[in-house]
Amino acid sequence: MKRITSIDVVRGIVMIIMALDHLRDLLLQNALAENPTDLATTYPALFFSRWITHLCAPTFVFLSGVSVYISAKKQQNNKESKRFLLTRGLWLIFLEFTIITLGIWFDIGFHTFLFQVIAAIGVGFILLTFFIGKSPKIALSVGSVIMIFYGLLVLLPESSAKSALNPLFSVSVFPLGSRLVILGYPIIPWWSIMLFGYGLGEYFLSEKNTRMTFFIKMAGGFLVGFVILRFINIYGDPVPWAENPKPFFTLLSFLNINKYPPSLDFTLCMLGMCFLLLWFSEKIGEEKLAFFKVFGSVPLFYYLIHWYLIHAILIVVFLAKGFSWADFVFAEQTFGRPKTADGLTLSQVYLAWFAVILIMYPLCKWYSNYKSQHPEKTWLRYL
């Protein structure tokens, strides 16, 4: 079964965008104190620098579901597919709370554990084992129902049962003595996006022109659905948009959709853009987009390495600005940077972003080639 290269291309595009988000978090001036989507303090360039990176996580999760379906279809062995999904899921959870946690905070004391996209995908893989061998329409139906209606949970009266279930649907923080566990990616809403991808996996295996037609129809349907639902302003996002004295900021308010957890408006908008990118990659062709394909063919390798590269840049930047090693704070959710408003300007963050991509490209290309040349090394499937 031929590999669907548009998946790698789109995954590569969003992974490159993702690095911008992480560099902005770690290096931008006032990054520790200001929210880039807070309309009271932001400015358009900063807002869109953050907003475009919203595309990354839902695309990553959605394409993970698609890839599971394609892999299971190729393998034609439900038992083996379930075993791989289970072990892969456990491995991702382990990485999230070890290598990735260290990469994010640079805190060897592990004072903060952040449950984010990699762990969410890991748990999603484990739960997805129950759908292997069953009709993908079941996964599509379950994912769609959760995606559309889980936002209604806020209407339920407060109760002990609702409180107990909240961590499955909402961002939660759990203090554990001197440590903190932050559930940034609630399992159920993110799993619904993975289920949606798994349920649509068959369409990715169709002939190219059929795929392209499907992608553009899905993009149009999702984006139109987002605009209509957001315009109605009653259901779809916990924070309604509002008119602003500055007309352009009214547009920003309209686009300021909730990622934590992903609202229906957020999911419609971002998956619509994902389908548009899939259509675009099919139309342009993989030869012209080979640069992005390199990153998308080794997503976990890229993800692990880029955190450590960004932190190395962080240390160099702040030392160059005159800070000493004693100024770096590693145990207080500051990403290891000094507690200061100092940092890079947004334009300098973009320059650092270009540098990270240029450094990561040869590393990813080497590993992608190595992986393709050694199919006998099954452990490579886990990295």
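The protein chain contains 15 helices and 3 strands; helices (H or I, at least four residues) and strands (E, at least two) are DSSP runs, numbered from the N terminus. Its radius of gyration is 21 Å, close to the 21 Å that the globule rule gives for 383 residues, so the chain is as compact as a globular protein of that length. That radius is taken over C-alpha atoms, and the globule rule is 2.2 Å times the number of residues to the power 0.38. This is a predicted model, in which local features need pLDDT of at least 70, side-chain atom pairs count only at pLDDT 80 or more, and totals for chains, interfaces and linings use all residues. Residues are numbered from 1 along each chain as its sequence is written, and side-chain values use heavy atoms, with hydrogens and water left out.

**Overall fold and surface**

- The C-alpha trace of the protein chain spans about 60 × 50 × 45 Å along its principal axes.
- Of the 383 residues, 52% count as buried; buried means under 20% relative accessible area, exposed over 50%, and partly exposed in between (1.4 Å probe, protein chains only).
- Among contacts with a separation of 6 or more, 75% are between residues 24 or more positions apart, where contact means heavy atoms within 4.5 Å.
- The protein chain exposes about 17,400 Å², and carbon and sulfur atoms supply 68% of that area. Accessible areas come from the Shrake-Rupley method with a 1.4 Å probe, and for residues only the protein chains shown count as cover.

**Charges and salt bridges**

- There are 31 positive and 21 negative side chains, and the centres of the two sets lie 9 Å apart. Lys and Arg count as positive and Asp and Glu as negative, while His and the chain ends are not counted. The place of a charge is taken as NZ of Lys, CZ of Arg, CG of Asp or CD of Glu.
- The structure holds 11 salt bridges, each a side-chain nitrogen of Lys or Arg within 4 Å of a carboxyl oxygen of Asp or Glu.
- One of them pairs K73 with E202, with the closest N and O atoms 3.6 Å apart. K73 lies in helix α3 (residues 56–75) and E202 in helix α9 (residues 201–204), so this pair ties together parts that are 129 residues apart in sequence. K73 is partly exposed at 35% relative accessibility, and E202 is partly exposed at 36%.
- E286 and K293 form another salt bridge, with a closest N and O distance of 3.2 Å. E286 is partly exposed, with a relative accessible area of 27%, and K293 is partly exposed at 25%.
- K321 and D342 also meet in a salt bridge, at 3.3 Å from N to O. Both lie in the loop between α14 (299–320) and α15 (346–373), so the pair ties together parts that are 21 residues apart in sequence. K321 is partly exposed at 37% relative accessibility, and D342 is partly exposed at 26%.

**A buried residue: F62**

- F62 lies in helix α3 and is buried, with a relative accessible area of 0%.
- Leaving aside neighbours within four places in sequence, F62 is in contact with I193, F196, G197, L200, F204, L271, C274 and F275.
- F62 and C274 are 212 residues apart in sequence, and their C-alpha atoms are 9.0 Å apart in space.
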